[in-house]
Amino acid sequence: MTARIYRPAKTAMQSGKAKTQDWVLRYEPEIPRSIDPMMGYTSSRDMKQQINLSFDTREAAIDYAERNGIPYRVIEPKEPKRSRVAYSDNFRYDRKMPWTH
C-alpha cells in the first residue's frame, strides 16, 4: 500500500492559509468504495483510508515513511501566482475597459 505525502491546498471556503503549512501522509485506497444497495451510502472496508498523519516538514514525513517501510510518493505543492494590484489602478485614465457599475 503506497502513501501520498503532500501539503494540502486551502479550501474555497477559506480566505486565509490555515492548515496549509503542515505536510500530510495519507494512504491511497486499496479497495474501491462500494455503494450500499439499501441505503445508498458510500462505504469502504479499507481502514487505512482513515489515517492522516501531519508533519511539520516534508523531510520528517519522508523519514517516517522510510523508517516504517511505507512506499510513498511526494506531491509538490503549487504556489499561487500573486499579482500586486493597487486600488488606485481601478481609476486610471488609460484602463483597457471603462470602469462602470
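Which side chains does a polar contact of 3.4 Å join? I found Thr20 and Gln21, joined through their side chains. A polar contact here is a pair of N or O atoms within 3.5 Å; within protein, one must be able to donate a hydrogen and the other to accept it, and residues adjacent in sequence count only if both atoms are side-chain atoms.

**Ground rules.** I worked on a predicted model, where local features need pLDDT of at least 70, side-chain atom pairs count only at pLDDT 80 or more, and totals for chains, interfaces and linings use all residues. Residues are numbered from 1 along each chain as its sequence is written, and side-chain values use heavy atoms, with hydrogens and water left out.

**Thr20.** I placed Thr20 in the loop between S1 and S2; helices (H or I, at least four residues) and strands (E, at least two) are DSSP runs, numbered from the N terminus. Thr20 is buried, at 7% relative accessible area. Buried means under 20%, exposed over 50%, and partly exposed in between, with a 1.4 Å probe and protein chains only. Leaving out residues up to four places away in sequence, I listed Arg7, Pro8, Ala9 and Lys10 as touching Thr20 (contact: heavy atoms within 4.5 Å).

**Core.** I looked up the largest nonpolar core and found ten residues, among them Trp23, Leu25 and Phe55. Such a core is a set of buried Ala, Val, Leu, Ile, Met, Phe, Trp, Tyr and Cys residues joined through side-chain atoms within 4.5 Å. Strand S1 (3-6), strand S2 (23-27) and helix H1 (58-67) each supply at least two of its residues.

**Helix H1.** I noted Ala61, Ile62 and Ala65 as buried in H1. They lie on the same side of H1 because they cover an arc of only 95° around the axis, taken from the directions from the helix axis to the C-beta atoms. The buried residues of H1 pack against S1, S2, S5 and strand S6 (72-75). Just after H1, I read a positive phi of about 70° at Gly69.

**Rings.** I counted one aromatic pair. Phe55 and Tyr64 form this tilted pair, 5.5 Å centre to centre with 45° between the planes. Rings of Phe, Tyr and Trp (its six-membered ring) pair if their centres lie within 6.5 Å; planes under 30 degrees apart count as stacked, over 60 as edge-to-face and the rest as tilted. Phe55 is buried at 14% relative accessibility, while Tyr64 is partly exposed at 26%.

**Lys48.** I found Lys48 partly exposed, at 38%. Its charged end sits over the ring of Tyr27, 5.1 Å from the centre; the rule needs NZ of Lys or CZ of Arg within 6 Å of the ring centre and within 35 degrees of the ring normal.
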